[in-house]
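Subject: Structure handover

Hello,

Here is the structure I promised to pass on. Please open it alongside this note. My findings follow below.

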Amino acid sequence: MNPDNLPLTALRAFEAAARHRSFQSAAEELHVTPAALSFQIRQIEEILGQPVFIRGHRSVSLSETGQRLLPGVRDGMESLRRAWRSALRPSRGHLINVTAGPAFTSKWLAPRLFAFARAHTEIELRFSATFRLLDLRHDDMDVAIRFGPDRAEGLYSGVLLREWLTPMMTPELAAEFPTPESLRHAPLLHHDESPFMNPTIDWAGWFRAAGLGAAPSGGPQFSQADHALDAAISGAGVALGRHTLASEALRNGQLVAPFALALVARESYRYLCAPEAESRAPVRTFLDWLQQEAAAMAEQEADRDFRTKW
């Protein structure tokens, strides 16, 4: 075979499989069957006369030949992707693809988008509300907003919002339970997202930080934090609410947060972009707007007693 006749489709399959350490995951990314991807890998191995992967039961690892091949293939594929994104930008015009979690999209982004759309009529936003893990170098997304640790190797990123939690309830319930101590007799709402924060932020932690001892047991349990907030808005009880998700309800008076004590999550909301994507004018405009909206929430933090240990 002429060495200049590169099997580009097969090399693309090799790079994806090496990155995922899985033929199944690579096939899903490339929208082919695992059998088709395996056939492409075998093409490379037949040309080289050597295996490029060591097949395991549920995963694969690179052979010595695969280890020699990968760096050049990976760099070449990344160069192709950068060139393709650069060529594609003019045709995409002022379209921005944004992904964020479903709750953040509905509770924080959606209520604010009218103002952005009115101020920037030339920019079209498309949202994907999902928790799906993304590789921004390969997926067709311009901006991702994610809640988690401050890690974003190789990406353009920045902190958008810190997360803090405090008791939230309707004004009517706040009149009925006017002190932290009175919450012992209030209907407390729980959600399953608490254990995903490190350390866990739940009613037990808030009661400890308030010096009130053990938290009362029982109360409705919701799978999502925004569902617990919806229940609180209906008057069903008191939620240990995430301020990012409750900001609109607090601003319009559906909910109040009458107690100063708030527990601060170690994780934060971050915006992330593929390298150089932030320099595209519409993306830069959107990121600047995100930061302005985040800064405007500072008034809800006035006079809070923030605790990072409890």
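UniProt positions are given here in the numbering of this model, feature names are shortened, and annotations may be inferred rather than shown by experiment. With that in mind, the unreviewed UniProt entry places "domain: HTH lysR-type" at residues 6-63.

Some ground rules first. This is a predicted model, in which local features need pLDDT of at least 70 and side-chain atom pairs count only at pLDDT 80 or more, while totals for chains, interfaces and linings use all residues. Residues are numbered from 1 along each chain as its sequence is written, and side-chain values use heavy atoms, with hydrogens and water left out.

**The annotated domain**

Helices (H or I, at least four residues) and strands (E, at least two) are DSSP runs, numbered from the N terminus. Residues 6-63 are 62% helix and 10% strand.

V60 sits in strand β2 (residues 60-62). Its relative accessible area is 8%, so V60 is buried. The cut-offs are: buried under 20% relative accessible area, exposed over 50%, partly exposed in between (1.4 Å probe, protein chains only). Contact means heavy atoms within 4.5 Å. Not counting residues up to four places away in sequence, V60 touches A17, R21, S22, F23, F53, I54 and R55. V60 and L80 are 20 residues apart in sequence, and their C-alpha atoms are 25 Å apart in space.

**Strands and core**

Two strands pair if DSSP finds at least two bridges between them. Strand β3 (residues 95-100) pairs with strand β5 (residues 143-148) in the parallel sense, over three bridges. V98 has V143 in β5 as its bridge partner. β5 also runs antiparallel to strand β10 (residues 261-273), joined by five bridges. There, F147 stands opposite Y269.

A nonpolar core is a set of buried Ala, Val, Leu, Ile, Met, Phe, Trp, Tyr and Cys residues joined through side-chain atoms within 4.5 Å. The largest one here has 44 residues, and F104, V143, I145, L160 and L290 touch the most other members. Helix α11 (residues 281-296) gives the largest share of this core, six residues. Leaving aside neighbours within four places in sequence, I145 is in contact with T99, A100, G101, F104, L109, L160, Y269, R270 and L290.

**Charges**

A salt bridge is a side-chain nitrogen of Lys or Arg within 4 Å of a carboxyl oxygen of Asp or Glu. The structure holds 15 of these salt bridges. Here are some of them.

- E29 and R19 meet at 2.8 Å, N to O. This pair links distant parts of the chain: E29 is in helix α2 (residues 23-30), R19 is in helix α1 (residues 8-20), and they are 10 residues apart. E29 is partly exposed at 26% relative accessibility, and R19 is partly exposed at 28%.
- E124 pairs with R126, their closest N and O atoms being 3.2 Å apart. E124 is partly exposed at 40%, and R126 is partly exposed at 46%.
- E248 pairs with R251, with closest N and O atoms 2.1 Å apart. The two are three residues apart in helix α10 (residues 243-251), so about one helical turn separates them. E248 is buried at 19%, whereas R251 is exposed at 52%. Salt bridges that share partners join R112, E248, R251 and E293 into one network.

Which buried residue has no salt bridge? D226 is the one to look at: the nearest side chain of opposite charge, K107, is 5.6 Å away. For charge, Lys and Arg count as positive and Asp and Glu as negative; His and the chain ends are not counted. D226 is in helix α9 (residues 225-233). Not counting residues up to four places away in sequence, D226 touches A103, K107 and L245.

Most residues other than glycine have a negative phi, and most peptide bonds are trans. The exceptions below are worth a look.

- The peptide bond from N198 to P199 is cis, with omega near 5 degrees. P199 lies in the loop between β7 (188-191) and α8 (203-209).
- H31 has a positive phi, near 60 degrees. H31 is in the loop between α2 and α3 (34-48), and is exposed at 72%.
- D303 also has a positive phi, near 60 degrees. D303 is in the loop between α11 and β11 (305-307), and is exposed at 75%.

Best wishes
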